[in-house]
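Me: Pick a single part of this model and give me a close look at it, please. I'd like the charged side chains first, and then whatever surrounds them.

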Amino acid sequence: MTEPAAPAPSPAPKKESNLRQLVDFGGLLAFGLAFLVFRLRGLEGDAALVNATWFLVAGSAVGVAVGLIVEKRLALLPLLVGGFALVFGLLTLLTGDGLWVKLKVTILNASLAVALLGGLVMGKQPLRALLGTVIPINDRAWRTLTFRYGLFFLAVAITNELVRSEALVGWGAQQLGRADVDPADVWVSFRGVLWIASSVFGLSQVPLIMRNLTSSDKPVDPMAPAEPDRAP
């Protein structure tokens with residue numbers, strides 16, 4: 001996601017992009033493993049979720065630091081993602097209520113969906129501005145990417161609202177004969193599935209990017225738009 005300083009391709013942007021993806025995945029993995037450890041130690045789902053949020057906050061702080069120190073800049077999108085994670089993570093820790101960390105996914109993705117789809121209606125290209133990077137594709141491809149990601153973020157927000165609903169999860173568990181299922185376990189599992197879904201969706205956009213390249217002398221990071229949903 002780093003804009004090159006010179007026209008010629010160099011390995012630096014790819015390394016920096018890989019480092020950010022590694023940090024994002026590491027933060028989510030640490031969050032999931034911590035939750036699992038707390039559950040195995042006998043904590044209830046909500047309590048385990050709150051305690052595991054320490055790792056989410058730490059991972060978000062490291063992600064922001066990577067942007068400032070390694071990439072020597074902080075694009076708007078990583079700043080939004082990291083900021084949301086820090087704010088809602090701290091609210092979770094201060095209140096002892098796991099609802100905040102669950103709401104973060106809904107509010108962040110719904111906000112991004114409104115920004116992208118609303119920007120399209122206004123004739124803007126908000127995705128390019130949010131990424132803070134240059135993918136050398138034509139305007140038509142940018143509009144298509146913006147529309148697709150707007151719908152994707154909207155779908156994530158709606159799905160998260162369904163999965164975080166304890167009443168709905170409880171009803172579904174009863175229908176499956178699994179009344180002992182903890183809603184917190186379901187939501188944390190959903191976060192792992194969401195990371196995979198975001199990666200698959202990002203990869204599915206590569207053909208569109210490659211077909212609409214306008215320059216061959218700039219490095220392309222086709223996975224950049226998927227970054228918001230990789231974060232913890």
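Reply: Arg-128 counts as partly exposed, at 32% relative accessibility (buried means under 20% relative accessible area, exposed over 50%, partly exposed in between, with a 1.4 Å probe and protein chains only). Asp-139 sits in helix 6 (residues 139-164) and Arg-128 in helix 5 (residues 126-131), so the bridge ties together parts that are 11 residues apart in sequence. Helices (H or I, at least four residues) and strands (E, at least two) are DSSP runs, numbered from the N terminus. The general idea is that side chains of opposite charge can pair when their charged atoms come close.

Before going on, some ground rules. This is a predicted model, where local features need pLDDT of at least 70 and side-chain atom pairs count only at pLDDT 80 or more, while totals for chains, interfaces and linings use all residues. Residues are numbered from 1 along each chain as its sequence is written, and side-chain values use heavy atoms, with hydrogens and water left out.

Stay on helix 6 for another pair. Arg-164 bridges to Glu-161, with the closest N and O atoms 2.6 Å apart. Both lie in helix 6, 3 residues apart, about one turn of the helix. Glu-161 is partly exposed, at 29% relative accessible area. There's a network as well: salt bridges that share partners join Arg-39, Asp-182 and Asp-185. Within that group, Arg-39 and Asp-185 have their side chains 2.9 Å apart, N to O. This pair links distant parts of the chain, since Arg-39 is in helix 1 (residues 12-40) and Asp-185 in helix 8 (residues 183-204), 146 residues apart. Arg-39 is partly exposed at 24%, and Asp-185 likewise at 25%. The structure holds 4 salt bridges.

Now for what helix 6 does with helix 8. They pack at an angle of about 165 degrees, axes 11 Å apart (axes are lines fitted to C-alpha atoms, for helices over the stretch in contact, and angles run from 0 to 180 degrees between N-to-C directions). That makes helix 6 roughly antiparallel to helix 8; angles under 35 degrees count as roughly parallel, over 145 as roughly antiparallel, 65 to 115 as roughly perpendicular and the rest as oblique. Their crossing is right-handed, meaning the near helix is turned clockwise from the far one by less than a right angle, with anticlockwise being left-handed.
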